[in-house]
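Please read the briefing below alongside the sequence and the model. It takes up a few local topics in turn.

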Amino acid sequence: MDGTSRTSDDPGAVAHVRLDGNLRALPGAGVDSPPPGDGPHVLPETAVRDSAAQEEAQDPDGLVRQSAAVFAAELSRLRVGRGLSQLALARRMGYDKSYVSHVERCTQAPTQPFARQADHVLGSGEVLSHLWHTYHTAHAANRRQRHPAPSPVLPALEDAGRPDEPGQATEHDRAGAPDGRATLIDDGRQVPGEGSSVPASIGLRGAIGVRGVEHSTQYLDQLPPPAPITLHTTLPRDVADFTGRTDELARLLRAAEEGQAPVVTIHTVDGMPGVGKTALVIHAAHLLAGDYPDGQRFVRLGTHTPGAAPADPAGVLTQLLLSLGISPRNVPQSLEEKAGMWRDSLTGRRMLLILDDAASAAQVEPLLPASKDCLVLITSRRRLPDLDGASPLPLNTLPPLQAADLFIRVSRRTPTASDRSAVTQTVELCGHLPLAITLLAARLAHHRAWNIKEFTDEFATAQDRLAELEAGDRALAASFDLSYQHLTPDLQRLYRRLGLNPGPDTGPYATAALDNIPLDTARRRLNELYAAHLIDELAPRRYRLHDLLRTYARTLAQQDPSSDRGQAVTRLLDYYHHTARTADRYLSTVPHQDNAAVPPSTTAPILATRGQALVWMRAELPNLLAAAHHSATDRLPHAAALARTMAAFLDQEGHWAEAIALHQAAVHTAHTLNSPDAEAHAVLDLGWVRRRTGNSPEAGELTQRAYDLYHTLDNRLGQANALRALGLVRQMTGDYREAAQLAQRAYDVYHSLRIPVGQANALLDLCRVRRRTSDYQEAGELAQRAYGLYHSLGNRLGEANALLDLGWVRRLTGDYLEAGELAQRAYGLYHTLGNRQNEAWALLELGQINRDTRNYVAAADLLERSRARFHELGDRKGEAEALTAAGDLQAATIGPEPALATYQQALTLARLIHSPLDQAHALEGIAGCHAVSHNHREAIQSLREAIALYQRLGVAETARATDYLKQLKTALHESADRGRGKEPQR
């Protein structure tokens, strides 16, 4: 016998109903098969009236029976028409399945809340509400006619099933005729007040073919109320495939082990949809059950239950009190009184309470016990900072290894070694989100013939990845929907637009531009989305969307007009371009005229110093790169504009691989858009980076191409910049005569245009050419002139460069004291400016000064720091020079063998970047090591190669190397100090 039927000799029975094996319906009663069509169906008014009149003549309860049957038939027809089972409808409405079944069988009365909710879920307007009103009117009239006896047919009054809400039900009705609202205590059993008792259904023989045992209403009034049921545990079954969460689980378990807290212990487990909050607390509760012998309660608060409003605390307290065995007659009416009774009832008890899917602190506060021996675990998609005394436990996605283990367990597979990489890729595509992994793995578990790798490839190439993540009535997108629907319209719009952001994260300024809202509003709304766990905060004011939530937001955004989407992205790109251009003014050493009109950003950070510019560029670099590449993909002019404003930063920070990809995309986009000016800038920037990375042939071709474009456009400033860049390429390849000519031509153009920073740059280039050709006096004078111009402009980076070059000249002329002071001043400026690349050059110069002054320990440290920095930045030319200097030091201190290995590393790099001067220096060092080791033939061969390079370059080292070769030929038995007098060049 189930919980909805009792025998007549049960003293607690209200009525006994036994279904006839052959159900018969009164003609016109509306319980036949539902008619076709999707719209609500109501019997013709005349048919209902005529049938009701006949019934009333034969039976005073006829109209009540008739109206109840019509309600039941229409409910069934609408449900079937929507393709819903009774269970599916019950879940959507938040009611118990047995209650829906009773209403459709006319064995339990509908209530007004039930009718309203059914109309809402089934989309039937107010059809069922009107039918309930017809039934209620008939029932009330019948009661007045037969007063004082209550109606013998389906006793249902408004809100009779909610003892905590006002209604017209009698005390007897309140105790025994609930509306069947779905139980909040999820143990699969019924408790008083949850549809466990079946109201009287007497006299329905003619209407629906049910034969009942008739009782007098006087007898019904004399029956005692049902005995209260006391529940011990209402925990759902444990999660069979629970995986990982070791640290989080340990924290919850410690709550019980520590025990005897001065107040009740409360933990809030919050996180994004599908992260596994409920699974964690259920698993923890089963492990803790033995520590809480007075019971465990699992309460679904239903904040994200489809088709249902969040649970009312008063209703929840009613169910909790009933679960303790308290009679419905003794349950108070007000929320405060119920909360007080609940806290009082738990005094001295050790109970575990789980409040699942909480909406807010206000919802759970009345449900919290006061007993210090109790433990409360709360799950919520929202952060609950206003819940006093609670310990928050934010739940993130699973670590990669735990995510892979979860996939393996749920899929019921034993992956091979080759399958492991496929599993890793699969969980990465799922963003390590437990619900996504579980849904996908469950599909694989039911297809034993499927191959893991092929399954992964199919999922990776799926156009709608979210659609793949569903199983039965569980779907990841549906879970996301429930959180999204709880947002206000403004937050929904912002969330959709965040999906349009091409970058990996966002901040308040970018968000304000994207959504066209004030900065304060953007900050507030980002915080609201963060509180709802729809975005994460990686760093202060830096927010990102989980990969699957980003896909979801982008999918939602496609529903907006394309013009709205385009305007939002354009505002964001304009913001990045405007702010990056402001930052570039503090970073770029190359003068340029930017006549492109940039819409002023309504909201942008204040960048008033080089330091502020660097901080902003470093924080926004991933977003800037993403924005530029997005622009290139969509063929927008922002691609070239952003690339140009980022060029100096990428160069100085050593992001050369990113710079190459960015400038290549900018060149292609500018050419496609037929924008020769933008194309010339992009080609010149690309050539500059190619020189940095040692690709002098391509650097020369690109720089010449940029010059030709500028010449066609009659852009003289562009021509000057290209001439200077081409001169630097010629320096690298050792063509010092042409390098000097190009630097002088660039200086002349800058001078005619009255651009002093360009003049200073060109003077410093000439200084380096003169230094390499041993004209130290003129080199020093040029460095001093350049310093004076930089100083007058307040250009601290230029000042540092001039100081370093002047110090280099002083070292080569033997003035080590002044050389050290100048190099140290340059290093201090570079460090202050955050210029890591030039810091490495200053360290190299300081190391060589200490080497030449025989301070070998300090020299070794400085040279290694310089080499490591160059290697980190990817500056192969700088690393080659640092290695050669280190080889010189090793040859002078610890012997030829380690020095030979270091020189050979330097030679390899120098040949890779096509730098003949660096090759010659390394070869000269190798020759010295061979000579000391008495490998005379190898020494002479290496030295001859070095001399040939020196002679082609026309540098000062030629004479010294030639003299050394003569010594080797005339006195092969003597070893020369290779490092003495050698002056490594930059």
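**Cysteines, a helix and a buried glutamate**

Cys 106 counts as buried because its relative accessibility is 4%, where buried means under 20% relative accessible area, exposed over 50% and partly exposed in between, with a 1.4 Å probe and protein chains only. This is a predicted model, in which local features need pLDDT of at least 70 and side-chain atom pairs count only at pLDDT 80 or more, while totals for chains, interfaces and linings use all residues. Residues are numbered from 1 along each chain as its sequence is written, and side-chain values use heavy atoms, with hydrogens and water left out.

**Cysteines**
- Cys 767, at 0% relative accessibility, also counts as buried.
- The structure holds zero disulfides, a disulfide being a pair of cysteine sulfur atoms within 2.5 Å.

**Helix α30**
- Helices are DSSP runs of H or I with at least four residues, numbered from the N terminus.
- The 18 residues of α30 (residues 696–713) should span 26 Å at 1.5 Å a residue, which agrees with the 26 Å between its end C-alpha atoms; the expected span is 1.5 Å times one less than the number of residues.
- Buried positions in α30 include Ser 696, Gly 700, Leu 702, Tyr 707 and Tyr 710, and the buried residues of this helix pack against α29 (676–692), α31 (716–732) and α32 (736–753).

**Glu 845**
- Glu 845 lies in helix α37 (residues 836–852) and counts as buried because its relative accessibility is 0%.
- Neighbours within four places in sequence aside, Glu 845 is in contact (heavy atoms within 4.5 Å) with Leu 804, Gly 807, Trp 808, Arg 811 and Ala 823.

Key:
Helices (H or I, at least four residues) and strands (E, at least two) are DSSP runs, numbered from the N terminus.
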